[in-house]
Amino acid sequence: MAASLSQVVPSHRVCYVAYAGRECAHHHYQVLTNPNNTELVWVQASHGSIPTGALAGGKQSDGTNLYIGRGHYNGSMVVGKVHPQHHVLYVSFGGDEHPIHSYEVLVAKNLHTHDY
C-alpha cells in the first residue's frame, strides 16, 4: 500500500487509513510533528483544488501527491487525504472510505500567498 494519510486513535492503539474504499487499521505508523513551529492554517478548498503551501502527507502508488485535509462527515470533523486527480477529500469513518467534495487543506502559512 502506498503511503497515505490517516487518523491515529490512541485508545484503539492503531491509526486508520482510508484505502480502496475501506478503513484499514495499522499498528505501525508515523505521526506528523511541527518541531520548527511553522504556522499552519486550514484553508477552504473543494473539488480537488490544492492551495499554495499545502502539506503533502503521502503518495499514491503511482507517485501522485496526497495532501492533508479535513472535512465534516456524519457530524464529526475528520482528517483525511485530498486526492487532486479524484477531485475529493477521502476520509475513513465507520469502516469505510468516504469522499467529501468541500473540505479544508492544511497549509504552511509562510508559503501561503492568498488571504482566506
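Val31 sits in the loop between S3 and strand S4 (40-46). Val31 is exposed, at a relative accessible area of 55%. Here exposed means over 50% relative accessible area, buried under 20%, and partly exposed in between (1.4 Å probe, protein chains only). Together with Val8 and Tyr29, Val31 forms a nonpolar patch on the surface, with about 260 Å² of accessible area in total. Patches are built from residues with over 30% relative accessible area and no salt bridge; like charges are joined within 9 Å, and nonpolar side chains (Val, Leu, Ile, Met, Phe, Trp, Tyr) within 5 Å. The areas come from the Shrake-Rupley method with a 1.4 Å probe, and for residues only the protein chains shown count as cover.

This is a predicted model, in which local features need pLDDT of at least 70 and side-chain atom pairs count only at pLDDT 80 or more, while totals for chains, interfaces and linings use all residues. Residues are numbered from 1 along each chain as its sequence is written, and side-chain values use heavy atoms, with hydrogens and water left out.

**Overall fold**

The protein chain has ten strands and zero helices. From the N terminus, its elements run β-β-β-β-β-β-β-β-β-β. Helices (H or I, at least four residues) and strands (E, at least two) are DSSP runs, numbered from the N terminus. Of the 116 residues in the protein chain, 35% count as buried.

Strand S2 (residues 14-19) pairs with strand S3 (residues 22-26) in the antiparallel sense, over five bridges. Two strands count as paired if DSSP finds at least two bridges between them. Cys15 stands opposite His26 in S3. Two residues lie between the strands of this hairpin, and Ala20 takes a positive phi near 55° there.

**Core**

The largest nonpolar core has twelve residues: Val43, Ala45, Ala54, Tyr67, Val78, Val82, Leu89, Val91, Ile100, Tyr103, Val105 and Val107. Two or more of these residues come from each of S4, strand S7 (76-83), strand S8 (88-93) and strand S10 (102-108). S10 gives the most, with three residues. A nonpolar core is a set of buried Ala, Val, Leu, Ile, Met, Phe, Trp, Tyr and Cys residues joined through side-chain atoms within 4.5 Å. In soluble globular proteins, nonpolar side chains tend to be buried together.

**Salt bridges**

A salt bridge is a side-chain nitrogen of Lys or Arg within 4 Å of a carboxyl oxygen of Asp or Glu. By this rule the count is three. Side chains of opposite charge can pair when their charged atoms come close.

| Glu39 | Lys109 | 3.5 Å |

Glu39 forms a salt bridge with Lys109. Glu39 lies in the loop between S3 and S4 and Lys109 in the segment after S10, so the pair ties together parts that are 70 residues apart in sequence. Glu39 is partly exposed at 47% relative accessibility. Lys109 is partly exposed too, with a relative accessible area of 42%.

Arg70 counts as partly exposed at 23% relative accessibility, whereas Glu104 counts as buried at 19%.

**Histidines and a loop aspartate**

His98 is in strand S9 (residues 96-100). His98 is buried, with a relative accessible area of 14%. Its side chain and that of Tyr73 are joined by a polar contact of 3.0 Å. A polar atom of the His98 side chain also lies 3.0 Å from the backbone oxygen of Phe93. A polar contact is a pair of N or O atoms within 3.5 Å; within protein, one must be able to donate a hydrogen and the other to accept it, and residues adjacent in sequence count only if both atoms are side-chain atoms.

His47 is in the loop between S4 and S5. Its phi is near 50°, a positive value in a residue other than glycine. His87 lies in the loop between S7 and S8. His87 also has a positive phi, of about 65°, although it is not a glycine. His87 is partly exposed, at a relative accessible area of 44%.

Asp62 is found in the loop between strand S5 (56-59) and strand S6 (65-73). Asp62 is exposed, with a relative accessible area of 56%. The Asp62 side chain makes a polar contact of 2.7 Å with the side chain of Thr64.
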